[in-house]
Amino acid sequence: GKNAYSTAAGAYQIINGTYKMLKNIPNVPTDFSPETQDIMAVTLLKLRGALGHIIAGDWEMALMLASKEWASLPYSESKQSKITLATATNFLNKGAA
């Protein structure tokens, strides 16, 4: 059978294909330092249209959009295990307080 593996790395589990795409975007650093990983994650949230919803506190829509990027988020269509919407929103509400 086929061996399943992931190239996901770093704090935001960025996969190789996504990293290659990000390093072609002007002004996105590529050194993979913790600060760069934060910039990459925010860039991905912008590209998915989720950042504005995060800023507005619209967690459900932000999670719907970001789930297209991160397989473990509640609305992901991936077969990977996911966190629940309640777990995600509770975590986000604590951070926003």
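The structure is a predicted model, in which local features need pLDDT of at least 70 and side-chain atom pairs count only at pLDDT 80 or more, while totals for chains, interfaces and linings use all residues. Residues are numbered from 1 along each chain as its sequence is written, and side-chain values use heavy atoms, leaving out hydrogens and water.

**Exercise 1. The overall plan**

*Solution.* 
- Step 1: Begin with the elements, which are DSSP runs numbered from the N terminus (helices: H or I, at least four residues; strands: E, at least two).
- Step 2: Turn to the extent of the C-alpha trace, which spans about 40 × 35 × 20 Å along its principal axes.
- Step 3: Now look at burial (buried means under 20% relative accessible area, exposed over 50%, partly exposed in between, with a 1.4 Å probe and protein chains only).

**Exercise 2. The sides of helix H4**

Work out which residues of H4 are buried and where they lie around the axis.

*Solution.* 
- Step 1: List the buried residues of H4: Trp59, Ala62, Leu63, Leu65 and Ala66.
- Step 2: Check their directions, taken from the helix axis to the C-beta atoms. These residues cover an arc of only 165° around the axis, so they are on the same side of H4.
- Step 3: The buried residues of H4 pack against helix H2 (34-47), helix H3 (51-56) and H5.
- Step 4: Compare Met61, which is also in H4 but is partly exposed, at 31% relative accessibility.

**Exercise 3. The nonpolar core**

Identify which residues touch the most other members of the largest nonpolar core.

*Solution.* 
- Step 1: Know the term: a nonpolar core is a set of buried Ala, Val, Leu, Ile, Met, Phe, Trp, Tyr and Cys residues joined through side-chain atoms within 4.5 Å.
- Step 2: Pick out the residues. Among the 15 residues of the largest core, Leu22, Leu45, Ala66 and Trp70 touch the most other members.
- Step 3: Ask which helices contribute. H2 and H4 each supply at least two residues of this core, and the largest share, four residues, comes from H2.
- Step 4: Zoom in on Leu45. Contact means heavy atoms within 4.5 Å; leaving aside neighbours within four places in sequence, Leu45 is in contact with Ala50, Leu51, Ile54, Ala66 and Trp70.

**Exercise 4. A charged pair**

Find which side chains meet in a salt bridge, and which parts of the chain the pair links.

*Solution.* 
- Step 1: Apply the criterion, a side-chain nitrogen of Lys or Arg within 4 Å of a carboxyl oxygen of Asp or Glu. A search of the whole structure finds one salt bridge.
- Step 2: Name the partners: the side chains of Glu69 and Arg48 meet at 3.0 Å, N to O.
- Step 3: Glu69 is in the loop between H4 and H5 and Arg48 is in the loop between H2 and H3, so the pair, 21 residues apart, links distant parts of the chain.
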